[in-house]
Amino acid sequence: MAQTVQRGKIKKAPAEEIVKYLIRPAIEGDLKRSYNTILDINKAHILMLAKTGIITEDVEKKLLAATAQIESEKDHPTFEINPNVEDLYFNLERYLIKMTGLEVGGQQHTARSRNDLFATEIRIDTRKVYLKLAEMFITLRRTYLELARKNLDTVMSGYTHMQPSEPITFAHYLSGVLSAMGRDYDRYARAWLALNLCPLGGCSMGSTSFPIDRRYTAELLGFDGPVQNSLDCVASRDYLLEITTTLAQTAMTMSRTALDLYNWSTPEYGYIEVDDSCAVCSSIMPQKKNPFTLEHVKAKAAHMEGFMISVYNTMKNVIFSHGRDTSVEAPRYFYTALSEMEADFALLNVTVKTLSVRKERMYENAARNFCTVTELANYLVRHDGISFREAHEIIAHVVGNMCDRRLTAADINRDAIDEASRALYGFETKLTDEMIREALDPRRVVLEKTALGGTHPDEVSRQLDLIEAQIKNDEKVLEERRAQLAKADALLAQKVKEALS
């Protein structure tokens, strides 16, 4: 094959297989996602080189003017993209050199490597999607919060092991989910601290002998500061693992609550009904209304786990320095993971936002399914002066008898308790039928639990107030981070304008 490009000491063009499976897909991805990112990095680097006297102001102006021309051609480039040049950056650099000459254009890459350039590029590209997902995450939490506020008095049966346990409210359930989501978001929010550090200036791995100002380029690009070690600049993609791990944990929480809603939407429960806009019918069974969005939410948690494991396994047993396995293969499915999570947030949000709650059905089940009999045992302790273990045995005996006779909790009376208490311990209860009905009333049981974390509507409201305060703080931090990037964009544009004027 004839030599068509110069690639250092490499004498041959890349093999067709390399172009097909590695270079061309990478260029296509960068054209779609990173065209302006690369140019912004170039602008910041050029400004820094001029500020430190490494290049002259005349060279700075020519490079920035050419960069502006390249920037304007994003959607209709006049230069040919040549995959034999290895990547999009080299294509852009060759076009720059064509416009300015090798003597000028060749100075842009002073005190820089593609290693630190690409490490910076992926962080900037990730920030955009990261902030979008943060907003969607907060929106989902607000949707749950709004639904909880509307259901403070919606009494239902709680469940453990998928069996009726004790009466709660739907708001109490949603408050529990929101608490878990709050911790998920906190983990995700902390990942920003590892993400928003600038590796530019680390060069290939060993820094540079030119007097560069890495803090200046970090400021121009909106980072909190530079990565402190030049080797760490190019060796580390740990924030990829941190983000995918926190999102996988979030997807798991979402999957668990989606499973509850999925079960509760069945006719056998009938607690909720998903909106028609979030359901599909059967092609053969006309009665069907399938809550298929919840099925996707549950399944996407498995995808997120897979993406997390992919990043982890790609980076383990890899040298602590730059390499394609870390810099290219580790992020291979990272943006796919972020896209999947975007869909996950959107699907669960629209489903929860539009669902209907069947309050009476929830209450009726709670009144019948024995979820209140723990309180009945408590009544025996208080009024008959027996130990809780004795009361537990008596009520267990009562429930067993009720089930054998195909009766419900609503059928329990003093005769039923006396039958058990006489058989087990030889005494009769002091409870009246009125007291038994009182003990078995799900609403009363809910109102009795005023302890911290309990089910009383006032206590649940207190929990929701704390959750809302946390959400408001998270929204404030998110806006501050967006403002930081917007301020850096404005500063970069201002400095370029000043350099060109």
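Residues are numbered from 1 along each chain as its sequence is written, and side-chain values use heavy atoms, with hydrogens and water left out. Because the model is predicted, local features need pLDDT of at least 70 and side-chain atom pairs count only at pLDDT 80 or more, while totals for chains, interfaces and linings use all residues.

**Helix pairs**

Helices are DSSP runs of H or I with at least four residues, and strands are runs of E with at least two, numbered from the N terminus. Two packed helices are described by the angle between their axes and the distance between the axes. Axes are lines fitted to C-alpha atoms, for helices over the stretch in contact, and angles run from 0 to 180 degrees between N-to-C directions.

| Pair | Angle | Axis distance |
|---|---|---|
| α6 (114-149) and α7 (170-195) | about 165° | 10 Å |
| α2 (35-51) and α20 (457-500) | about 55° | 10 Å |

The angle makes α6 roughly antiparallel (over 145 degrees) to α7. Their crossing is left-handed, meaning that the near helix is turned anticlockwise from the far one by less than a right angle; clockwise would be right-handed. The contact of α6 with α7 has 25 nonpolar, two polar and five charged residues. Nonpolar covers Ala, Val, Leu, Ile, Met, Phe, Trp, Tyr, Cys and Pro; charged covers Asp, Glu, Lys and Arg; the others, Gly among them, are polar.

α2 and α20 are oblique to each other. Oblique takes the angles left over by roughly parallel (under 35 degrees), roughly antiparallel and roughly perpendicular (65 to 115). α2 also passes α20 in a left-handed crossing. Here Asp40, Lys43, Ala44 and Leu47 of α2 meet Leu492, Lys495, Val496 and Ala499 of α20. By class, that contact has five nonpolar, no polar and three charged residues.

**Two asparagines**

Asn42 sits in α2. Beyond four places in sequence, Asn42 touches Tyr89, Gln108, Arg112 and Leu117 (contact: heavy atoms within 4.5 Å).

Asn151 lies in the loop between α6 and β1 (155-160). Asn151 is buried too, at 3% relative accessibility. Its side chain makes a polar contact of 2.8 Å with that of Thr154. Such a contact is a pair of N or O atoms within 3.5 Å; within protein, one must be able to donate a hydrogen and the other to accept it, and residues adjacent in sequence count only if both atoms are side-chain atoms.

Methods:
Buried < 20%, exposed > 50% of the residue type's maximum accessible area, 1.4 Å probe, protein only.
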